[in-house]
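Here is a quick tour of a two-chain model, written for someone new to reading structures. Keep the 3D view open and follow along.

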Amino acid sequence: MDNRVIIVKNLIKKFGTFVANDNLSFEVFKGEIFGFLGANGAGKTTAIRILSGLSSPTSGEVIVAGVNASKKPEEIKKQIGYMSQKFSLYEDLTVKENIMLYGGIYGMKKSLIKERTDNLLEKLNFQEYGNKLIADLPLGLRQKLAFSIAIFHEPKIVFLDEPTGGVDPITRRQFWEMIYETAERGITVFVTTHYMDEAEYCDRISIMSEGRIVALDTPANLKKLYSADTVEEVFIKIARPVNN
Amino acid sequence: MIKVVESSGISKTFGTTNALDNISFSVNESEIFGFIGPDGAGKTTLFRIITTLLLPDKGKMTVLGMDSIADYKELRKNIGYMPGRFSLYQDLTVEENLNFYATVFGTTVKENYDLISDIYSHIEPFKKRLAGKLSGGMKQKLALSCALIHKPRLLILDEPTTGVDAVSRSEFWIMLAKLRQHNITIIVSTPYMDEAMRCDRVALIQNGLILSVAPPQKIRDGFSRKLFMVKAREKHKLITALRKYPDTMKAYPFGDSVHVTFAGDRITESLFRFLSEAGLNDVTVKETEASIEDRFLELM
């Protein structure tokens, strides 16, 4: 059985003469927690936009959840979920309204939305918050809810952008446990982050520099290879930022 | 010893939120003092009070021997403040921003150039570029240069490294350490626990309360139990099993391992038997040193 959820072969993306992604090749597997790292300007955002169907490659092959990114980018969007630390939920809508909105956007039936909403609120111990505005929830709860909503339509892959940056250590750990559980259920978790300690939680990580992938392995193997104690040390040794 | 900052009983509420609750601490001359805590802990509110931009509801704040309310005008001349949000003029060039800040404080770039040369030299090649067009790392260096250009005695940096990549973060801390030669006291906040180790002393802050103030190594040493690092391939299964093991006090994910404390502060064969019965046969256990984050978790 083919366990590959993301297949990238010789991906090149150019903007004019600038090569943002320079011949990327990598694969990500079902149920894997994959960390996608790189300095500012290394080409991460460009690559993620292609992987999520928002932009198409100049050349090369990109297959996400079995869909070819050059041919059917719209199909990809149905198969993925997305959550970022900066933008996640509508603050002036209630918890239930946010869930309904996202479910509706992904074309889920009303009855299914209702059923899963009840399950979700129960699982998160959120029943009392159902009719509260997002603006009135503490940050930690918002983050957990945002993640739950990103996987509400049961996508094959969920993209997380700095998911636990800035949250307190306890919430951060509860969040990672949710991620582990999600991955164990078979949903691939694709994490981009500047926080190198977040990278330590991933099964495998790739490090981009100047448009190329310069390292890809488990955190433990990379630390061994570069004789480093932390992923941060590995990163500093190999990821030269483009601008100073 | 002269205290650069002396905070006693500072409280501040916004509506029903206790942003700061009876905060007392002091900062010594030429030290790098860190406030470590998550978003919403109260770091920015506290910094706005120290920099005279916000009035406390209760308590007294003395900065550089002056009262933060009565002497605010004089005090502002001696403080450099880099807010969390990039707040330079995006439609001015690098050079124009720096000149502007120097002029506002009645000085020139030339006069204090030696203080910023180390930092500014990285962005000087781009001095004709608009500040809004700079990369994150370059913006941060420009903001620091502008905060320093009037040669302040106290520099206050609110999350200067948030959103900046690890390479630039590391460079930034080297720059801060060098500023000490100029007798500048630095107060810095960060949500990155690992950056605590770069400070002379740190205050752990959460929900408007200071949990602990000490040199970073002392804070780590404060961890009250033996800490073990447990690893296995299936992490979720491992955490779930460890929590069911009768001797486990606490088990939580920590990077590629699970950090665990046990009732007897030791591990026995029965642990491996227990985990093996749970289907985990690739378990390794090692005693490990507590990090600042472990201690923070213990105090929370």
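In this predicted model, 28 residues of chain B are in contact with 29 residues of chain A, where contact means that the C-beta atoms of two residues, placed from the backbone, lie within 7 Å. Because the model is predicted, local features need pLDDT of at least 70 and side-chain atom pairs count only at pLDDT 80 or more, while totals for chains, interfaces and linings use all residues. Residues are numbered from 1 along each chain as its sequence is written, and chains are lettered from A and ligands numbered from 1 in the order in which they are written.

**Where the chains meet**

- Helices (H or I, at least four residues) and strands (E, at least two) are DSSP runs, numbered from the N terminus.
- H6(B) gives the most to that side, with four residues.
- Sorted by class, the side of chain B that touches chain A has 11 nonpolar, 11 polar and six charged residues. Here Ala, Val, Leu, Ile, Met, Phe, Trp, Tyr, Cys and Pro count as nonpolar, Asp, Glu, Lys and Arg as charged, and the others, Gly among them, as polar.

**A helix crossing between the chains**

- How do helix H9 of chain A and helix H6 of chain B cross? The axes of H9 (residues 231-238) of chain A and H6 (residues 166-179) of chain B come within 9 Å and cross at roughly 95°. Axes are lines fitted to C-alpha atoms, for helices over the stretch in contact, and angles run from 0 to 180 degrees between N-to-C directions.
- That angle makes H9(A) roughly perpendicular to H6(B). The cut-offs are under 35 degrees for roughly parallel, over 145 for roughly antiparallel, 65 to 115 for roughly perpendicular, and oblique for the rest.
- A:Glu232, A:Phe235 and A:Ile236 on H9(A) meet B:Ala166, B:Val167 and B:Ser170 on H6(B). This contact has four nonpolar, one polar and one charged residues.
- A:Thr230 is partly exposed, with 17 other C-beta atoms within 10 Å. A residue is buried if 20 or more other C-beta atoms, placed from the backbone, lie within 10 Å of its own, exposed if 12 or fewer, and partly exposed in between.
- A:Thr230 and A:Ala199 sit 31 residues apart in sequence and 9.7 Å apart in space, C-alpha to C-alpha.

**A helix pair inside chain B**

- Helix H4 (residues 113-120) of chain B and H5(B) have axes that come within 9 Å and cross at roughly 175°. The two helices are therefore roughly antiparallel to each other.
- B:Leu115, B:Ile116, B:Ile119 and B:Tyr120 in H4(B) meet B:Lys141, B:Leu144, B:Ser145 and B:Leu148 in H5(B). By class, that is six nonpolar, one polar and one charged residues.

**Strands**

- Chain A has an open sheet of six strands, in the order E6-E7-E8-E3-E9-E10, with mixed pairing. Two strands pair if DSSP finds at least two bridges between them.
- Strand E6 (80-84) and strand E10 (212-217) of chain A stand at the edges with a single partner strand each, so one side of each has no neighbour in the sheet. From one strand to the next, the twist averages 20°.
- Strand E3 (residues 33-38) and strand E8 (residues 188-192) of chain A run parallel and are joined by four bridges; A:Phe34 has A:Phe190 as its bridge partner in E8(A).
- In chain B, strand E9 (residues 201-206) and strand E10 (residues 209-214) pair in the antiparallel sense over five bridges. B:Ile205 is bridged to B:Ile210 in E10(B).

**Positive phi angles**

- Most residues other than glycine have a negative phi.
- B:Asn207 takes a positive phi near 50° in the hairpin of E9(B) and E10(B), which has two residues between the strands.
- B:Lys151 is not a glycine, yet has a positive phi of about 50°. B:Lys151 lies in the loop between H5 and strand E7 (154-158) of chain B and, with 17 C-beta neighbours inside 10 Å, counts as partly exposed.
- B:Glu159 has a positive phi of about 45° and is not a glycine either. B:Glu159 is in the loop between E7 and H6 of chain B, and is buried, with 22 other C-beta atoms within 10 Å.
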